[in-house]
Amino acid sequence: MNTRTRSQALYRAADLRTIETLAVDQPLMQRAGLAAADLATSLCRLQGAAVLVLAGPGNNGGDAFVAARHLRERRFTVSVVFAGEVGRLPADAATAYRRFIDDGGSVLDGIPNGLRWSLIIDGLFGIGLQRPVGGRHGELVAAANALAVRDHCPLLALDCPSGLDADTGKLCGTAIRASHTITFIAGKPGLLTGDGPDHCGTVSVAALELDAERLANASAHTIGTDLFVDCLCPRARNSHKGSYGSAGVLGGASSMVGAAFLAGRAALRLGSGRVYLGLLDPQAPTIDPVQPELMLRQPAALLAAGLTALACGPGMGGGEVALGLLERACALDLPLLLDADALNLLAAESRLQRVLAERRQRPSPLLLTPHPSEAARLLGADTSVVQADRGAAALELASRYQALVVLKGCGSIVATPDGRWFVNTTGNPGLAAAGTGDVLSGLVVALLAQGWPALEGLLAAVHLHGLAADERVAAGCGPVGLTASEVIDGARTCFNRWVAQGR
């Protein structure tokens with residue numbers, strides 16, 4: 001099984017408008033409508049089948065009229081509901097409307113009763129939606145969703161499901177739940193993060209004969225193995241445990257030792273030569289009976305153990321003891337990851353923020369791995385604000401703390417202090433379980449301990465974490481009931497496959 005992937009460029013609406021302006025002399029709407037008709041034909045192969053097309057008041061409606069014309073030519077029974085005014089259509093959309101009518105098509109004011117649909121096409125609104133979908137348009141969206149369920153038919157969205165913000169993945173009122181989305185020119189971040197994956201279904205990109213990256217810089221990229229393939233090196237036969245670093249995990253307060261164990265086990269199975277756990281619980285065991293290879297230490301001894309990378313936070317708890325240890329950890333000159341309770345302490349304690357500000361004078365990287373609520377605390381904002389624009393929130397965190405950041409969640413975002421950001425496309429709801437974040441911390445610190453550059457290590461670990469969960473689900477182990485421990489072994493298998501497949 002080849003699990004190598006290539007990073008893809010993603011564009012926000014403003015950058016896509018720039019590309020469209022530069023390509024103004026090209027028939028983009030005709031190409032978009034034809035690409036949509038081709039995909040629709042593959043989804044609905046029965047000649048003469050009934051197709052419902054919803055056409056909106058802008059250029060997305062123009063794409064829908066072009067697609068409808070091609071489908072009529074292919075002998076489909078096409079019903080077009082036009083939710084706009086002809087006199088207010090943009091020029092290209094008005095041309096598409098007139099050609100559809102001139103070729104014998106007609107438009108309806110509402111969805112006809114008594115028909116069973118083989119396919120529904122959403123061409124109401126595309127990218128750049130500025131207001132919530134409601135009123136008549138909202139009623140059409142709700143009806144399309146209900147009919148797709150009733151008739152067990154595909155629902156194809158053109159460019160972006162109506163009611164979804166293509167920049168952010170935020171819902172804007174009532175939204176289409178598409179089974180398939182064909183997006184034009186290039187991918188959009190909002191299709192892949194936040195509410196996007198639940199509303200886009202299977203996403204395909206129709207480039208419309210344009211090279212987007214030649215015309216404008218990408219807003220973001222997806223994470224692909226090509227971004228870190230040069231780090232996937234086979235191990236030398238003449239090597240030893242000292243060749244692969246010493247990873248440390250600081251955490252495991254009373255009743256939360258399991259979090260540190262999960263992170264440590266993940267670090268061990270992703271190849272760290274040595275893994276040390278510094279457990280805050282004074283009653284903690286002196287050995288992990290499941291993974292006796294882990295070396296358990298008192299927290300102070302851990303910080304003096306000559307580590308090559310350190311993760312702080314899994315099960316760490318709060319209070320003065322945890323804060324004091326975290327201050328000492330942040331002063332160490334080595335790659336440092338802060339997660340979970342370490343992030344909550346950072347958000348609450350100004351003295352810890354001062355220690356990190358001083359740390360910026362050193363070259364050792366800092367990595368933060370918050371979930372949305374932790375990110376909100378770090379930014380002094382509400383979780384809803386973070387989720388409203390996950391890309392912007394991750395970039396703000398990276399800039400404010402001069403750190404590499406992964407904002408976890410559906411379509412995890414990796415952001416850098418210099419303004420780059422990446423959207424992860426692996427993972428599934430099985431990861432919404434206790435301990436999976438601790439596993440991610442262990443995967444990251446394992447790669448850092450082995451000498452991976454910080455950005456490549458973070459990108460690889462995030463992508464691997466989701467891929468391991470995907471493969472466990474494909475094997476029948478979830479998503480319901482998938483456990484963090486099961487993800488660890490899946491990650492080891494996937495990672496070794498990456499290395500075996502070569503550069």
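Tutor: Let us begin with pairing: two strands pair if DSSP finds at least two bridges between them. Strands (E, at least two residues) and helices (H or I, at least four) are DSSP runs, numbered from the N terminus. This is a predicted model, in which local features need pLDDT of at least 70 and side-chain atom pairs count only at pLDDT 80 or more, while totals for chains, interfaces and linings use all residues. Residues are numbered from 1 along each chain as its sequence is written, and side-chain values use heavy atoms, with hydrogens and water left out.

Student: In what order do the 7 strands of the open sheet stand?

Tutor: The order is S4-S3-S2-S5-S6-S7-S8, and the pairing is parallel. Strand S4 (107-108) and strand S8 (202-206) are at the edges; each has a single partner strand, so one side of each lacks a neighbour in the sheet. Within the sheet, S6 and S7 are joined in the parallel sense by 3 bridges, and alanine 157 stands opposite threonine 181 in S7.

Student: Which strands does helix H3 lie across?

Tutor: Here one needs contact, meaning heavy atoms within 4.5 Å. Axes are lines fitted to C-alpha atoms, for helices over the stretch in contact, and angles run from 0 to 180 degrees between N-to-C directions. Helix H3 (residues 59-73) lies across S2, S3, S4, S5, S6 and S7, and runs at about 160° to S2.

Student: How should I read the two faces of a strand, for instance S13?

Tutor: In a regular strand the side chains alternate between the two faces of the sheet. Buried means under 20% relative accessible area, exposed over 50%, and partly exposed in between (1.4 Å probe, protein chains only). In S13, Ala309 and Ala311 on one side and Leu310 and Cys312 on the other are all buried, leaving both faces covered.

Student: Which strands pair with S13?

Tutor: S10 runs parallel to S13, joined by 4 bridges, with alanine 309 as the bridge partner of alanine 247. S13 also pairs in the parallel sense with strand S14 (residues 336-338), over 3 bridges; leucine 310 stands opposite leucine 336 there. From S13 the chain passes through helix H10 (residues 320-330) to S14 in a right-handed β-α-β crossover. Right-handed means that, with the strands pointing away from the viewer, the path from the first strand over the helix to the second runs clockwise.

Student: Which residues touch the most other members of the largest nonpolar core?

Tutor: A nonpolar core is a set of buried Ala, Val, Leu, Ile, Met, Phe, Trp, Tyr and Cys residues joined through side-chain atoms within 4.5 Å. In the largest, of 61 residues, they are Val414 and Phe495. Helix H17 (454-474) is one of the elements supplying at least two residues, and H17 gives the most, with 11. Apart from this core lies another of 55 residues, including Leu39 and Ile127.
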